[in-house]
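Subject: Handover of a structure

Dear colleague,

I am passing the structure below to you for your records. Please look through it before reading the notes that follow it.

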Amino acid sequence: MQDVKEFKPVIVAFCCNWCSYAGADLAGSNRLAYPADVKIIRVPCSCRVNPMFILRAFQRGADGVILCGCHPGDCHYSTGNYYTRRRMSMLFSMLDFLGIERDRTRVEWVSAAEGAKFAATMNEFVEKVTALGPNKRLEDLRCKQ
Amino acid sequence: MLKCTLSNIDKLFEIVSASMPLYLPTEDKNGAVFKKWQPGTVWSNASNTVKGPKDLFFPQSEDLMAFKTEGKKIEVIDTRTETEDFAVFGVRACDVKSLEILDRVFLTEPRDSYYASRREHGVIISLACNRPTENCFCGTFGIDAAEPMGDVSAWLTDDALYLHANTERGQAFTKLIADLTEACDDSAVSAQKEKNRKVMKRLPLADLEANAFGGSKTEQFFHSPQWEKLSESCLGCGTCTFVCPTCQCYDIRDFKTNNGVVRYRCWDSCMYSEFTKMAHGNNRNSQKERFRQRFMHKLVYFPENNDGIFSCVGCGRCLAKCPISMNIVKVMKALEVDTDD
Amino acid sequence: MQRIGVFVCWCGSNIAGTVDVHAVAEALKTESGVVFSTDYQYMCSQAGQDIIKNAIHEHSLTGIVVCSCSPRMHEATFRKTAAAAGLNPYMVEIANIREQCSWIHKDMLSGTEKAIILGKAAVAKVNLNAPLTPGQSTVTKRALVIGGGIAGIQTALDIADAGFPVDIVEKKPTIGGKMAQLDKTFPTLDCAACILTPKMVDAAQNENIRIYSYSEVTEVGGYVGNFDVTIKRKARYVKEDICTGCGLCTEKCPQKKVPNEFNLGMDNRRAIYIPFAQAVPKVATIDADYCTMLKTGKCGVCAKVCTAGAIDYNAKDEFVKEKYGAIVVATGYNPISMEKFDEFAYSQSKDVITSLEFERLTNAAGPTSGKLLRPSDGEHPHKIVFVQCVGSRCENCAEKGKEYCSKICCMYTAKHAMLIRDKYPDTDVYVFYIDVRTPGKAFDEFYRRAVEEYGVHYIKGMVGKVVPEGKKLLVQASDLINGKQLHIDADLVVLAAAIEPDKSARPLATMLTASMDTNDFFTEAHPKLRPVESPTAGVFLSGCCQGPKDIPETVSQASAAASKVIGLLVKDHLTGNPCIAQSNELMCNGCSSCERVCPYGAITYEEKEFRMPDRTTKLRRVASVNPAVCQGCGACTVACPSGAMDLNGFKNNQIMAEVDAICKM
Amino acid sequence: MQTVTTKSLCERAASLLGEGTVAAVLGWKRGEFDYDLTPAVFTAAEELTEGFIYNDFSGANLSKYLLKKTREIDGKILVFLKPCDTYSFNQLLSEHRFDREKVYAIGIPCSGMADIQKIRKIVGEGITAIEACENSLLVHTLYDDEPISVSCAEVLTERCLNCKSKKHVAYDELIGDEGEVLTSNRFDEVEKIEALSADERFAFWQNELSRCIRCNACRDACPACTCEKCVFDNPNSGVQSKAPGGEFEEKLFHIIRAYHVAGRCTDCGECSRVCPQNIPLHLLNRKFIKDMNETYGEYQAGEYDNQRAPLVNFSLDDPEPSDVVKGGFDRA
């Protein structure tokens, strides 16, 4: 019980440069707090995120991975997030098929204006991942050696 | 000669397991595999396991050491684990022989201390083959499947298991199970051997001979036009090398952990395109060259350096598992035709 | 091996308040590749930049990490700093320890810990950075303005005055837009037509301006400096170059029952029409939906009366392809539909009208020739109620209206009220409002005049219901200041409808790959610092397509957009973004996956001969990326199964290094 | 038993070789026993007579060999394609992996391929010969005096049990009768796993994938895995590995392998056929196919040349990832 209480998840958040990263900046400007467990990686577009990056994060010790991009239709590159949507739908469904907890992965569309949504999303995601506990099903024990 | 009635065999496994881990063939979804005995484990008398007992002495992947880095400091960490006694039961004659071949590689200088340590801690209880498969051709390499070696040799009849210790370690093992065994004469075993040898003669590959091969035959076979044809459908996968009990190539790699590096070794395959990749490039660029290497090594290069001993024991695993059914038997037959010409 | 310098910024107390900046600098010192690490009060200041420059020289740095505010703020600054010290600007990475760290984490411990991790991730990335050099592309010296309202006209005029050719594409038969429909303008009360029509004429006569009226943009390709645009010139069935605009056809056309959209349907026009007297181009247009000839093949009156022979019933839509260096969006606004606001009885009574309809009613060229008459019976109204914020500031009724303030309504309502009281002093005018917002030059004075000089009854409160009863409209409202329920039997009710972006904006944004907000207003590249640019390079914003604004604001934004366009068009070459995709030909399968996902068509294939390691040659189909066209989204890199396609600046191994650094615990 | 004879195929191939239409023939070559056929290139009529065979063990999909062979051999190559192989053939064409002009494709009917392991399960070890009869196989073994008869249906390979099509989608010439696209139950097995709890699914795959020895046979046999350099072989990819270094890498390899062929996999079943460890790899591919079909509409890779696969396509109203996982199937 005590372990669960002290568990601080490692969360990797891939954010597209144009909307979600700006949304995160806005959350910052507005001092909207979310847990320090969330670390953001800036990518030009959500469609830059290769499934391998997500698996890599889990391998290296992430407990949750979230991808944020512009809302469908608002992609700076017009169509990038549509591909992201399909790719991640398929990948997440496959992870689910392999018995990996669904709540460890998430895609959320956050615009540059949605600082509040960014913070709320992160709070909610961290809460869910914390409830799941440490990632055991996609961890690579060697990394912790 | 010691006799243990078959009804007592689970008891035997239990007693051995009480003092050391015991590995024996059990039926898995995929066929027979060596697994650690636990109460309830059912021993399989299948003629052959999918993979040999090689993993127990030379695991597919094993950590050699680790480096821990902190800032710019590096600390070396010993990760060795291979210091526990263990027993392997039901090793067929071909696989026993394969360990001798691995010994030649790993136990000659420079000695591979990881392998050596596992060999020193392992006791091998072999088992004669009553029902060899159509893929078996151990006879080609002078192996008698009715007379398996190892620390303890064993034979199976309809109602009993017969054991004979060949080494000190073997004797220690039979001592361990003394309560379950009684001394007996060789008659039952001799009869079983006779029966087994009769079957062996009828095997479809019984006539296959390796005489045409051996050290000093490099010139003769290296440029054979057959290689082109033989290798043309090879997928370049590693199945044959990974199921082979004598293949011993490995790669040493570093895995970057969160705190440093784990240095490990893992099986490699000469069939892989990166196998001979070096700083200057790769000296085997075509699948033909890689394919040729594998078989030349087994049939020519290895005997050249090892008193004429072939690096194949005729276990037949590559025949059973190659996705495109290309194997050493087809290679030997094709190359022999070549020498006839 | 890189030689990395780490520079941790305090940002005054913005960062240093919740992050132990010394500890961050100290912790990063031992990271692989780091040879120098320091912290300073304001890295972005001249003194801070000098620290970086000196360190680059002193420690022969090959890469730098600045732990500071968001890269969206100062990445460009520090890149310039690095370049000034002779370092490739793309060897700079920013760890965002302000917006993503100090500003959101309250305790020093977790803030510092996170800042260190973010710094480590940036160091890990820089270790794998490589110098990048941007490519160059040419600029087509012609601009396109989409929309011919006052915004588009002003932008076009300014660009043309600077000597660059510019095309206006207007979907209506004439330019002029909403302003042409207005009567007077606040706060000066000068006549809209009097100030707009000279500009329209200027545009028509300027030799650098070409007007594609009755036209629409259907396709946009290319990129900044080199847009390929397809314009659909809708068939108007009148030859533009021959029609003299005499208007005879519009008098003789037997089809008289066509709602006149210029007067918002309050009167009728003919099937062949010129929207208004000062239309530019002054050319007739046949409305194919109503023309008997086009529908049944029987009539042909207009062709018979046209002495110039301009009528062409066989005209077809034409498509023009043109190249532009820059595109200005000036698609404007529309009042929202009043359908969902049935409580105001808009659909039940002709005497409930919108403010834009009111403009036409008071306009001398309008359906009543400027006399204020009730649409239902043509009688003079004596009691008029204005309702403000109809559909604006709809916090709890987003499905009906808009959450935002439409900005112009307070002022035009004051104007309407004042004009009525001026012309018809016997009329009682009531204005119901939530707030009166008058933050503009001479705006509040204007509003006070309406109240104080003209005696308009301003009542704080909302109208709950309008019920038509006989010839009257019973207005039920609350007076919030006096805490009373009011019942007014009005003759006319005027609704200040919220405004929204034109419906054509959304598909246009998709074509332009320009982003929009949830209300379909175009997004600016930066809300404060780059308000007239879209984030999409080469696309600029003018007027209400970006957000509600009044005429002076629109005109100033239009001129601002023009100046940005001019700034672009004067360049002979554009320096591109070097963070673009690159294909490793040795690993490329030529499978076309990348080409299929590229939104810009930047990827092409060629058959190339490769010398294989076994000394044979092999002809292989491989992808190549056009650096001028690629925008660097990275969609192709994931579509590529072999990993042959990678993105400079965001390479696979760089992102994975960041992942590793973050997950290291 | 197959409905076309080795002899008839041999004759047709020999005549095409003879008249110079083709320079080489890609087919199956007989081995030591009746079941161990090897794909081979034949360049002379005698070679064909001696070695060519088409029987219940001609499972190997020859289309992938075209990549290499069309580059090596001058002139056209005759390739024999079973119905399912033609889908791979088309898929490779749409990825521009070989020159169609260099291939002469002969479609041949297939009544399903036999699984030697299933036969072994029935008759035991020591199979020395297998004779094909109308609907059964006569298996001779070392330990039985009389041959054992097993019905063909009983020993069909998994992929043939769930055959999706007996129709050839590409060929220059057809020998034998054309079949039809079938309605198969190929997703039943996937659905069964979907119906398990997350823990059970995890345990199931943990058990299956733990057997992986990373021999790469699944990848190397796969007609969709034709990368010039696979990411798992590329030292610069960041995921290169030669052995499963633990549970994670087993999963990583198989997830990425399946993901990389998602939308391109024709469900030919070669991966599972060649796996020496009998891991049901096709289930991973089928999961992707099933999800894509259900989410983005029916799509059969290789059905036509130059289709736009689901993962390089999109529609504006695609569901969100959270809804796909929840809505793909009904699970309590």
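The model is a predicted one. For the complex, the predictor reports an ipTM of 0.94 and a pTM of 0.79. In chain D the average pLDDT is 93, and 98% of the residues score at least 70. One stretch of chain D, residues 327–332, has a pLDDT below 50. Beyond near neighbours in sequence, this stretch of chain D still has nine contacts in the model.

Chain B contains twelve helices and 14 strands. Its radius of gyration is 22 Å, close to the 20 Å that the globule rule gives for 341 residues, so chain B is as compact as a globular protein of that length. The C-alpha trace of chain B spans about 65 × 65 × 35 Å along its principal axes. Of its 341 residues, 46% count as buried. Among the contacts in chain B with a separation of 6 or more, 70% are between residues 24 or more positions apart.

For chain C, the domain assignment lists domain 1 (4–126), domain 2 (143–234 + 319–332 + 502–569), domain 3 (248–305), domain 4 (335–499) and domain 5 (581–648). Between domain 3 and domain 5 of chain C, the C-alpha centres are 56 Å apart.

Chain A has contacts with both chain C and chain B. With chain C, 43 residues of chain A meet 44 residues of chain C. Several helices of chain C each supply at least two residues to this side, including α4 (71–84), α6 (108–126) and α19 (652–663). The largest share, eight residues, comes from α19(C). By class, the side of chain C that touches chain A has 21 nonpolar, 14 polar and nine charged residues.

The contact between chain B and chain A takes five residues from chain B and six residues from chain A. On the side of chain B there are three nonpolar, two polar and no charged residues.

The largest nonpolar core has 330 residues, and V12(A) and C67(C) are those with the most contacts inside it. Leaving aside residues up to four places away in sequence, C67(C) touches V6(C), F7(C), V8(C), C9(C), V24(C), A95(C), I97(C), A115(C) and G119(C). A second, separate core has 130 residues, including I274(C), V352(C), C389(C) and Y447(C).

With kind regards

Technical notes. Residues are numbered from 1 along each chain as its sequence is written. Chains are lettered from A and ligands numbered from 1 in the order in which they are written. This is a predicted model: local features need pLDDT of at least 70, side-chain atom pairs count only at pLDDT 80 or more; totals for chains, interfaces and linings use all residues. Two residues are in contact if their C-beta atoms, placed from the backbone, lie within 7 Å. Ala, Val, Leu, Ile, Met, Phe, Trp, Tyr, Cys and Pro count as nonpolar, Asp, Glu, Lys and Arg as charged, and the others, Gly among them, as polar. pLDDT is the predictor's confidence in each residue, from 0 to 100. A nonpolar core is a set of buried Ala, Val, Leu, Ile, Met, Phe, Trp, Tyr and Cys residues joined through C-beta atoms within 7 Å. A residue is buried if 20 or more other C-beta atoms lie within 10 Å of its own, exposed if 12 or fewer, and partly exposed in between; C-beta atoms are placed from the backbone. Domain bounds come from an automatic or database domain assignment. Helices (H or I, at least four residues) and strands (E, at least two) are DSSP runs, numbered from the N terminus. The radius of gyration is taken over C-alpha atoms; the globule rule is 2.2 Å times the number of residues to the power 0.38.
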